[in-house]
Structure formats: C-alpha cells, structure tokens
Amino acid sequence: MKTKLNKYHLLSLLALVCLGVIAFVFRGTPATVEEGFQPQVYASVLSLLPPVIAIVLALITKEVYSSLFIGIVVGGLLYSNGNLELAFNTVLYNEEGGLVSNIANSSHASILFFVVLLGALVVLMNRSGSAEAFGKWASKHIKTRVGAQIATAILGLLIFVDDGFNCYTVGLVMRPITDEQKVSRSKLAYLIDSTAAPICIIAPISSWAAAVSYSVPESMDVNPFQLFLKTIPYNMYALVTIAFVFMISAMKFDFGPMRRHELNALKGDLFSTDDMPYEDKLETEVNTKDAKVSNLVIPVILLIVSCIIGMVYTGGFFSGASFSEAFANADSARGLVMGATFTTVVTFFFYLSRGVVTFKEFFDSLPAGFRSFCQPMIILIMAWSLGGITGMLGAGEFIREIMDKSAQSLQMFLPFIIFAVSVGLAFASGTSWGTFTILIPIVCNVFPAGNQYEMLTISIAACLAGAVCGDHCSPISDTTIMSSAGAKCNHINHVSSQLPYALTSAGISAVGFLIAGIIGFYTENSLAILATPITVLLTFAVLALVRKKVGKLETA
C-alpha cells in the first residue's frame, strides 16, 4: 500500500533540513558550557527562532506535541552551537530549558501535582453525581446560551487569585451548563481564557499583583504595590477583553473560526472535530440517587478558600505579615497544592459520610484524574522547556536592545511601542510573567523623573497589557493550555478560534495606548485616563460593525 506525502511529512522533512543546516553552520565550534558561556546567536533575532518554529508548525499542522518538540530541539542546537552532544544534554537536562529538569523544578512539579489533584476532584464529582445534579439545577435557572456564557464570564471574574486555578475551576463548574445550552467547547475555552489572566492582572489580591510588584526595581522611589494599583485603569487589553466577552455574548454573534464552532454546536457537535480531548473513557457508575448540588458547591467553595489561605500562609500571613504583604510574598504554586490537598482530604470524608462514593471509588479517582489531564501536563512541560531555552538564547536581551534604541526619541509613542514589543515577546515565549519581568525594569529606567509619573504608569500598564495579550494569543502559553484543559477542548481549535478575537482586542487596545500616551505626554496629569472610556466605546463600535456584517447566529 502506497502512502502519499502530506503536509505533516513535508513540514517534518523541512524541520529536519533546518536542523541539519544549523549543525553544519556551527560545526566544529567548541561546545563547552563554562562561566560566561553564550551561544553564537545570543541576543540576536535568531533567539526567537525556536518559539516561532513551534508556533507556526502548530498552527499549520494542528498538532502541538511534535511542533513543540521540534522547537525545543532547534533551540537546543542553537544554544549548543550545533554540537549534537551538548544539544542532547541541553534538551533533556539543562536547568532552565531541559525537559527532565522542568519536571524536577519544584514550582513546576507543584503545578503538575495541583493539576492531578484537580483532575481527581473532577472525576470524583462526576462519580458522585454532583456535577450532573448541579447541571440539572443550573438548567432551571440558566435557560439560554447568552445566560450560560455570561454566567461563565462572571464566575471567571470572581476567581481572581490565580489564572491556572481559575481555568480548571470555571471549566469544572460551567462545562455541564454550557454543554446543556449548546455552547461549543471552543467558545467555553475562550470565555475561560479571556477572564483568567485579564482579571488576575487587574486584581490587587492575586499572585500576578505580587509578581508585578517584585519586578519594579528597588532603586525606584515609588511604592511598587501602589504603582500596580495605578496601572489598573490603564490596562487597556485586560479591560477591553473583559468588555469584549460580555458584549459579544449579549450581542449574540461570533466571527472567524469561532462562528463555525458555534454553528456546529447549535447542531449538537460541541467539538467540531473528531478529537474529543481529555475525556475520561473509564466505564464508571454514576451515583444519581443521592446526588445533591451541595456535593459540588461545598468542595468548590472549600477549594477556593483553602487555596487563598494556602497562598497567604506561604507569604507569612500567620507569622505577622499583613494580608497584602502575604500575597506579595506568596509562593502561589505551593499554596495551590496545599489548598487542593486539603480540599481533596476533606472531600474524601465529606463524600464518605454522605454515602455518595465508596472508599475504592475515591482512590480510583486519583489515577483517573491523572489520566484525564495527561495531555495538558505534557504540553505544559514542553512549553516550559521551550520558554526556558528561548531565555537562554537571550531573547530578553534582544528585546532590551530594541527598547533602548527607541526609548528616548519617541516618548509620547512609548506606551504604544511597549505594548507592541510586549505582545511579541509574550507570544514568542508563551509567558506573561517572564515578559513583564524583563520589560518593567527597562520602562522604569526610561521614566526616572517624578514629573513623568503618569507616563511611567501608562507605560507599565502597556507592558502588563501586552504581556497578557501575547500570552493570550500564544499556543505555547500555560494559561492557554490550561484553558483548553479546563474546557476539555482541542488545544489548536481553541487557539485558532480565539486568535481573531484576541487580535481585535489587541488592535483596539493599541489605539487606546496611542491616545493615552499622547494625552499623558502633553498634560503630565491624570487626563490620560480619558483614553480608557474612549477605548471601551471603540470596542462597542467595532463589535457593532462586525455584527452588522456577519449577522446574529441562528437561534442564538
């Protein structure tokens, strides 16, 4: 039987040719990693090549595993100057970018353990019948597709402590409801993704607020937390994205690939693909006799409260630190694991006391939860590795040089420029935290004087907004991956259907930062805040025009 070459074979062959060219060009180069070692491509445009290759391959082939792996291998070869032995060790064991080392990293291991525990809780709630009972209860109160989408968005805004926690919890609670109302899994993933990072980056009490505060240099004569609070009304992308979610849900229309997914969902196909990811195929007896809504609500509330307590505990709240200080110093990954572990143990006794699961069913849920979340965990590990290798190649330093060259001569346009650069870096690296950690010190050096405080605030807000935007668009972002997992949606379907929405929000936000930068530069006061309501109104105007062109969904 003959096998025809398809695009997957051709792209794989092209990737292998690229690897061979890299190895040939750098052949004979010493491959020693000593103190001060830098690859030949360090801080050059080629430092962005690995994530670009991975992202392009993923979008073309719709296959994320091989795309990420090829990107990692290209990065390893570039870092090792083409030496195959060093590249092999870099890909597997380098402390920053190695696949094995990323699993061993305590923070990453904590996130993976947290994912397993959440997977177990999901399976457990399904087996106890509580998820089904909640779905039946919700269907009596949420009777329209619009209601299901808005309820999902509201819940996403309420869980502002951590984006990963947000993705899984909202997916767990809302998936039965959106399925009942024939909302596609791609749309659910978009709703989760568009309220996770955007609310975390403007919530004073969140792991993100702490990360931003830590990124402000100590040499700056400002209070980092107060500076973060000042950026909230200027964070155009976060505000536009949240407004976008409610507007497009209430206006009952979709565009781009999302429209096809939603039309298919109205016909009963929630996935628009033969691939139905993350579905647990175990034949499981579901207890419907004693199922109660409280069996789901109580563990979810307990999970939220215990994770918050776990985070402030790691930040020293019970050792005398204030609540805000505890959040600023919190180890979010460790706190989430503590909260999820406590919730799992309490849920065990809670369900046993109510007789909704047996001892064996509870412990069978642990491996079942692990199996159900294997796919996102593999993608997360590979995305962490790709991000680490990109950093080792000096992508951050490359962006720093670009920023330094344009900083002094284009100050009124700096918020716009910073937003664009931040989007590009976050998209390529798949990390918003890594992006604003690199860019915030640069921005602070551009605006050292006290009379430029408003421009400093707007520019840092642009940095944070761009980081979230690029992260939102990137298929290798951990939040994007976890949104797919929370919605149990094909990852590439989520990325491709979300991209037009994210890019539209990004374009509107860019205009907003252009307006804010011009007003802020000439007035040097808070009149620049007028740019925010103008940008929100622009969002409504753009969506109204798009809706007029594409029309409402049938029976939406």
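Is Leu 117 buried or exposed? Leu 117 is buried, with a relative accessible area of 7%, where buried means under 20% relative accessible area, exposed over 50% and partly exposed in between (1.4 Å probe, protein chains only). The structure is a predicted model, in which local features need pLDDT of at least 70 and side-chain atom pairs count only at pLDDT 80 or more, while totals for chains, interfaces and linings use all residues. Residues are numbered from 1 along each chain as its sequence is written, and side-chain values use heavy atoms, with hydrogens and water left out.

**Overall architecture**

- The protein has 26 helices and zero strands; helices (H or I, at least four residues) and strands (E, at least two) are DSSP runs numbered from the N terminus.
- Of its 556 residues, 56% count as buried.
- Among contacts (heavy atoms within 4.5 Å) between residues at least 6 apart in sequence, 80% join residues at least 24 apart.

**Nonpolar cores**

- A nonpolar core is a set of buried Ala, Val, Leu, Ile, Met, Phe, Trp, Tyr and Cys residues joined through side-chain atoms within 4.5 Å.
- The largest such core has 80 residues, and those with the most contacts inside it are Leu 68, Ile 72, Phe 114, Tyr 168, Ile 177 and Tyr 351.
- Helix α6 (residues 106-127) gives the most to this core, with eleven residues.
- Another core, of 56 residues, lies apart from the largest one and includes Ile 242, Ile 399, Ile 418 and Cys 444.
- Not counting residues up to four places away in sequence, Ile 72 touches Val 91, Leu 99, Met 382, Ser 385, Leu 386 and Ile 389.

**Leu 117 in helix α6**

- Leu 117 lies in helix α6 and touches Val 337, Ala 340, Thr 341 and Thr 344, residues up to four places away in sequence not being counted.
- Leu 117 and Phe 370 are 253 residues apart along the chain, yet their C-alpha atoms are separated by 7.9 Å.

**Packing of α3 with α4**

- Helix α3 (residues 64-79) packs against helix α4 (residues 84-93) at an angle of about 130°, with the axes 8 Å apart; axes are lines fitted to C-alpha atoms, for helices over the stretch in contact, and angles run from 0 to 180 degrees between N-to-C directions.
- The two helices are therefore oblique to each other, given that angles under 35 degrees count as roughly parallel, over 145 as roughly antiparallel, 65 to 115 as roughly perpendicular and the rest as oblique.
- On the α3 side, Ile 72, Val 73, Gly 76, Leu 77 and Tyr 79 meet Leu 84, Ala 87, Thr 90 and Val 91 of α4.

**Packing of α10 with α13**

- The axes of helix α10 (residues 185-200) and helix α13 (residues 236-250) come within 9 Å and cross at roughly 150°, and the pair is therefore roughly antiparallel.
- Tyr 190, Leu 191, Ser 194, Pro 198 and Ile 199 of α10 make the contact with Ala 238, Thr 241, Ile 242, Phe 244, Val 245 and Ser 249 of α13.

**Ala 197 in helix α10**

- Ala 197 is found in helix α10 and counts as buried at 3% relative accessibility.
- Leaving aside residues up to four places away in sequence, Ala 197 touches Asp 163, Trp 208, Val 468 and Thr 479.
- Ala 197 and Gly 164 are 33 residues apart in sequence and 8.7 Å apart in space, C-alpha to C-alpha.
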